[in-house]
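Colleague: I would like to learn how to read a model like this one. Can you take me through it, feature by feature?

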Amino acid sequence: MGDAHRKVGDYVRRFSDAVLSQEGSSLSPLLAVSSSSSSPPLLSVADALAAAQDWGRLLKQADAQLGEILSHLLRAIHSFRSGRFVEAYNAFERSANSSAFLQEFRNWESAWALDPLYTIAYEIRILAEKADWELSSHGKNPEKLKAAGSFLMKVFGALAGKGPKRVGALYVTCQLFKIYFKLGTVHLCRSVIRSIETARIFDFEEFPLRDKVTYMYYTGRLEVYNENFLAADQKLMYALSHCDVRREANIRMILKYLVPVKLSLGILPKTRLLEKYNLVEYASVVQALKRGDVRLLRHALLDHEDRFLRSGVYLVLEKLELQVYQRLMKKIYILQKQKDPSKAHQVKLEVVVKALRWLEMDMDIDEVECMMAILIYKNLMKGYFAHKSKVVVLSKQDPFPKLNGRPESGRMLSGMLEVRSKRQVV
Amino acid sequence: MERRGGGGGRPWRPRGAARDRASSSSSSHGDRWRPSAWQPSPPSNSAEERKGGRNLRRDGSAVGARAEPVVDVDTAPLVGTCPDMCPELAFVVYLFQACFFNAAVFLTLFQSYYFEENVTFVLVHVIAKERAQREQLRDLAVFERVHGNPGRTSTTLSVKKFCRTMSTMHVETSDIRPLPVLQRTLAYLLDLVDYSDNPFEVIHDFVFDRTRSIRQDLCIQNIVNIEVIHMYEEMVHLMSNSLESMLILINLFYAFHDTNIWTAVTFDIRQKLCDPALNFVMKSLQLLYYYDPVGFLWCKKVKFHIISDQRLRKCCGKLDTSSLLHLNMEQLIKSLMTLYDLYAINRKSGSRNCNEAEFYSFYVFLQLGYKSQERDSISLWFRKMEVSILQSKEMKFVRNVLRCFRIGNYMCFFKAIATESSYLQFCLLEPVIDEVRAWALSYINYGGYKLHPYPLAELSRVLMMEESDLESLCHACGLETSKDEAGRFFLPTKQLGFRMPKAFQSFSFLDSASLKR
């Protein structure tokens with residue numbers, strides 16, 4: 001009993017000392033509630049709290065203001081250890097939200113408390129996730145993650161000032177991204193992105209690199225959802241090139257979204273890359289693009305339908321069909337060139353129908369003509385189609401323009417969608 | 001006009017005059033009620049003065065305080081026990097009752113219902129049975145009268161009226177009808193619609209109000225299951241027929257007032273309300289905007305808005321419908337979102353509505369539409385959905401259409417729509433269809449061989465429209481057409497004048513059997 005009291009007293013003292021001497025690195029570990037099972041000092045105090053009975057007395061040792069923070073914090077640690085996550089979340093939020101902390105934080109001029117703040121931001125998200133899990137499993141409405149989001153917006157507000165604390169804003173932003181993506185309320189990212197990118201107090205280059213990578217990863221993903229492939233490419237490439245090479249899991253996450261973007265821009269990844277980072281779901285897609293096999297593409301999409309739908313790249317991959325058709329036409333052209341170079345540029349639609357039938361795709365001649373019209377319009381193929389003679393005549397020079405790292409150019413039906421979506425702020 | 005022998009269980013006993021009826025100045029339907037004499041605030045004092053001080057709620061709190069919402073979210077759900085269609089005890093919103101007999105009053109309440117802050121209904125606790133009171137007031141609908149006597153009703157005929165505000169804290173379980181009774185009530189009302197000789201408006205009013213009361217009972221008991229879904233769908237089904245005819249009147253109304261109808265409505269319009277057409281419109285608008293929050297009524301509301309959208313676009317030339325279109329679209333999207341929330345709730349308890357997939361498909365088709373500036377990402381939306389729904393037949397169809405649209409494959413697009421789309425899906429796709437047709441013209445114009453003008457007969461077959469319509473479309477897109485010696489029409493290619501039309505006149509849609517939709 002005395003031992004338990006001593007341990008709690010130790011914790012309280014360490015907390016107070018850290019705050020008084022403004023040592024962020026000492027304070028942070030004391031706030032990491034969710035890792036209390038792995039962090040020995042926290043573990044010991046968590047167990048001690050179960051044994052100790054009257055914390056209030058012990059808290060009198062601490063500063064009055066800190067007492068408020070500490071009482072909720074200790075409750076959070078205790079509840080978490082006992083597996084009561086909703087309680088843990090509530091207590092932790094109260095602790096962090098208390099005027100003693102947030103208000104004081106605003107008053108502290110220097111950025112000493114930034115590291116503890118990062119810990120708090122991280123913890124509140126983790127605790128909220130666990131709390132929501134607990135609520136769901138009891139048939140109740142999971143609302144804690146949403147509350148954590150609101151809290152973090154407040155924290156963001158505290159960081160959006162002129163002082164040195166502002167470099168912390170990107171970390172908090174990334175935590176918010178994670179919350180919004182998890183909740184599916186991705187549109188809420190818009191306002192915080194706008195703050196980061198347009199507010200004059202923020203200079204993107206000042207932020208820590210780790211945060212910049214995470215930020216670019218999430219905003220890159222948003223660009224993928226909105227099909228702004230050039231912007232997505234730029235952002236995801238930034239994330240990829242600045243990401244620590246040892247963090248293979250992170251690189252895989254970035255590639256998961258970058259590969260469909262590159263494919264849309266006409267750039268195929270090497271098989272080695274896909275194998276190295278275990279992105280096997282894209283293997284058949286890449287093969288279909290190389291072979292000009294629409295059937296293979298469709299099968300590949302079906303095989304991994306779940307995964308692609310879940311990550312939100314399904315529609316992007318579906319649209320690659322046009323490039324697959326282009327590849328098929330190119331192969332037919334090459335074969336014809338080998339047989340009779342002078343006539344190679346004239347492709348009978350009937351030949352295309354046959355080729356497709358061989359690939360187990362049943363398309364009649366009118367449909368084929370339709371596809372030709374589309375390919376020509378979208379500049380994937382240069383030439384014209386002659387309706388009466390049922391022939392497509394390819395340009396003698398460069399009939400299959402490379403995409404050149406740009407998405408299919410030309411005015412197009414879906415181009416309207418792209419233009420429209422580019423107008424979105426996200 | 002007795003119907004349906006063997007109704008409810010409890011024998012009906014007459015009660016004395018409703019002593020607790022609020023006041024002498026209350027308008028039984030004989031009085032001429034003057035809204036201007038009734039000041040909304042401060043409610044407690046003036047109300048008590050005027051109504052004679054008997055206006056206490058059951059728990060003793062003063063009347064005239066802000067009326068409570070229909071459902072108290074925190075209380076446990078009630079299970080009704082009343083075996084009759086019209087329970088013995090009911091809270092009556094007195095003035096609302098009065099309004100059935102006075103359009104101007106209806107108007108005031110209509111207005112105040114929407115802005116809850118202005119709700120100043122006097123909650124009257126009637127101890128007497130609602131039936132008895134209504135008998136006293138001769139407030140019995142035609143259908144509830146025994147042998148046409150406006151002063152007499154019975155358990156088999158009287159149907160519980162809708163009470164505007166009802167707090168669950170004040171409600172007895174004997175006031176609320178359980179699900180089987182509600183089902184019976186609904187069946188009775190539906191029969192009435194089919195077999196009654198009374199004029200449509202009379203039936204409509206009665207049934208509308210009584211079904212509303214049914215919904216309220218369902219809402220209070222918070223029953224959400226398949227049977228309730230069917231009830232809701234049936235309930236509004238009988239409304240749907242009248243909705244189409246109401247649209248013209250609604251257009252009239254919007255032409256008559258600002259779109260912000262609530263503020264536009266003033267007492268000066270009281271005279272005009274004598275106009276039965278406008279009165280009818282007011283009631284229709286009530287249908288439009290006053291759907292109860294709970295229930296799968298939203299299904300039918302969504303359907304209504306989709307059809308409205310189509311009709312409104314058709315009368316584009318005649319009235320200024322742009323604001324109405326916008327409003328309607330807003331309502332449509334709101335209703336859809338509510339419906340999706342309800343589906344999600346329902347799914348948690350394990351049951352699934354068979355119409356779900358179709359309603360999910362509406363969202364996707366809406367995104368394809370031409371009008372709106374801000375389109376949401378469909379990828380994001382798919383991400384949130386259950387894969388089983390995405391793999392349903394209806395959603396597969398939707399995804400197929402989506403794919404054709406995004407790739408620009410007009411042929412597949414039309415084939416898919418012609419074979420598989422439902423009427424409502426088709427309504428939503430109409431603006432998209434014309435856009436795709438225009439793009440098809442653009443492709444053909446761009447890539448077609450100059451010496452081979454494209455025969456319109458063939459193209460019209462592909463684009464599923466009349467040849468004459470196709471010709472009009474060509475011209476609307478700035479493209480000229482040509483004619484050969486045999487009188488056949490063609491589209492010469494490589495023209496430079498193509499432009500996307502800003503608006504499309506509505507063209508026909510011919511499916512492969514050449515049947516017009």
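Modeller: Start with confidence. This is a predicted model. Chain A has an average pLDDT of 87, and 93% of its residues score at least 70.

Colleague: Where in chain A is the pLDDT below 50?

Modeller: Over residues 408-426 of chain A. Beyond near neighbours in sequence, that stretch still has 50 contacts in the model.

Colleague: Next, helix packing. How are two packed helices described?

Modeller: By the angle between their axes and the distance between those axes. Take chain B. Helix 17 of chain B (residues 423-447) packs with helix 19 of chain B (residues 467-476) at about 70 degrees, the axes lying 10 Å apart. Angles of 65 to 115 degrees count as roughly perpendicular. Helix 17 and helix 19 of chain B are therefore roughly perpendicular to each other.

Colleague: Which residues make the contact between helix 17 and helix 19 of chain B?

Modeller: Helix 17 of chain B brings Arg437(B), Ala438(B) and Leu441(B). Helix 19 of chain B brings Leu470(B), Leu473(B) and Cys474(B). By class, that contact has five nonpolar residues, one charged and no polar.

Colleague: Now salt bridges. What is the general idea?

Modeller: Side chains of opposite charge can pair when their charged atoms come close. Over all chains, the structure holds 29 salt bridges. One of them joins Arg81(A) and Asp47(A), at 3.0 Å from N to O. Arg81(A) sits in helix 5 of chain A (residues 64-81) and Asp47(A) in helix 3 of chain A (residues 40-51).

Colleague: Are Arg81(A) and Asp47(A) buried or partly exposed?

Modeller: Partly exposed. Arg81(A) has 38% relative accessibility, and Asp47(A) has 37%.

Colleague: What about the salt bridge of Asp233(A) with Lys262(A)?

Modeller: Its closest N and O atoms are 2.9 Å apart. Buried means under 20% relative accessible area. Asp233(A), at 15%, is therefore buried. Lys262(A), at 18%, is buried too.

Colleague: And the salt bridge of Glu321(A) and Arg298(A), what is its N to O distance?

Modeller: 3.1 Å. The pair ties helix 20 of chain A, with Glu321(A), to helix 17 of chain A, with Arg298(A). Glu321(A) counts as buried at 4% relative accessibility, whereas Arg298(A) is partly exposed at 31%.

Colleague: Which residues do salt bridges with shared partners join into one network?

Modeller: Asp3(A), Arg6(A), Lys7(A), Asp10(A) and Arg13(A).

Terms used: Residues are numbered from 1 along each chain as its sequence is written. Chains are lettered from A and ligands numbered from 1 in the order in which they are written. This is a predicted model: local features need pLDDT of at least 70, side-chain atom pairs count only at pLDDT 80 or more; totals for chains, interfaces and linings use all residues. Side-chain values use heavy atoms; hydrogens and water are left out. pLDDT is the predictor's confidence in each residue, from 0 to 100. Contact means heavy atoms within 4.5 Å. Axes are lines fitted to C-alpha atoms, for helices over the stretch in contact, and angles run from 0 to 180 degrees between N-to-C directions. Helices (H or I, at least four residues) and strands (E, at least two) are DSSP runs, numbered from the N terminus. Angles under 35 degrees count as roughly parallel, over 145 as roughly antiparallel, 65 to 115 as roughly perpendicular and the rest as oblique. Ala, Val, Leu, Ile, Met, Phe, Trp, Tyr, Cys and Pro count as nonpolar, Asp, Glu, Lys and Arg as charged, and the others, Gly among them, as polar. A salt bridge is a side-chain nitrogen of Lys or Arg within 4 Å of a carboxyl oxygen of Asp or Glu. Buried means under 20% relative accessible area, exposed over 50%, partly exposed in between (1.4 Å probe, protein chains only).
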